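Trainee: Could you show me how to read salt bridges in a protein model? Let's bring one up.

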Amino acid sequence: MKKVGIVPTADLFYTDNVYDDKYHFPNTYVTRAVEAGMLPIGILSVDGRVIKESLEECDCFILVGGKRIWPYQIQVIDHAVKTGKKVLGICLGCQSIYTYFRVVEEMKKQGATGDPGEFWERQKQAGVSYLTQVEGHRWNVLPRGREDDTKHKVFVKEGTLLHELVGKTEIMGASLHTFACMDPAPGVVVSATAADGVVEAIEYGRNILGTQFHPDVDNKLSSIFDYLAR
């Protein structure tokens, strides 16, 4: 049984109450991981930075949706790229993958070395963002029992990893985002778009897959999670 590291979103340092600092593991991601036959393990960080030994325990990773990219998400992707482990990033997780490769590209341009997560933190503090704001793709809630209400057509490109997994050129994806990954770094492939051209999936090689839509909301796209378990 493969161990999948569930990489949470976080609310950190926003208030004066230290107990408001929290990590969030939405149940849908854990449910899909178990259905695919994997053992889910929570990846916790310390003050927004990953505990490297926890990554070594995992065979693959799922980066969940949320509001903000933290250094630990960049660090998880960096570990996976360097070790050949699989990553599935969903919504913010997809944006984290996109940002990671843009950060690596920028580091090369500047001749910078070191931890991409720390480089990203410095960029973030300077106001840098690689994401594009989009309209018409945001539901404020995922209505229980009415998940299909949040879905729209997603057009999958033939010859991509995502197409291999879903076996179709058109699927329905749940949309819950206000930002998108519209200008990927070299080597990152756009594998799906919405009708308005918004990027809905990206991939890098055979091991890194990001979906802007949410395959976790139900089991209708279970093959995406089965891919991690292989």
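Trainee: Is Asp-148 buried, partly exposed or exposed?

Mentor: First, the ground rules: this is a predicted model, where local features need pLDDT of at least 70, side-chain atom pairs count only at pLDDT 80 or more, and totals for chains, interfaces and linings use all residues. Residues are numbered from 1 along each chain as its sequence is written, and side-chain values use heavy atoms, leaving out hydrogens and water. Now, buried means under 20% relative accessible area, exposed over 50%, and partly exposed in between (1.4 Å probe, protein chains only). Asp-148 has 43%, so it's partly exposed.

Trainee: Which residue does Asp-148 form a salt bridge with?

Mentor: A salt bridge is a side-chain nitrogen of Lys or Arg within 4 Å of a carboxyl oxygen of Asp or Glu. Asp-148 pairs up with Lys-220, with their closest N and O atoms 3.0 Å apart. That pair links distant parts of the chain, 72 residues apart. Lys-220 is exposed, at 55%.

Trainee: Which residues are joined with Asp-148 into one network?

Mentor: Lys-151, Asp-218 and Lys-220, through salt bridges that share partners.

Trainee: How many salt bridges are there in the structure?

Mentor: Twelve. Another one is Glu-105 with Arg-102, at 3.5 Å between the closest N and O atoms. Both sit in helix α4 (residues 92-110), three residues apart, about one turn of the helix. Helices here are DSSP runs (H or I, at least four residues), as are strands (E, at least two), numbered from the N terminus.

Trainee: Is Arg-102 buried or exposed?

Mentor: Buried, at 15%, while Glu-105 is partly exposed at 23%.
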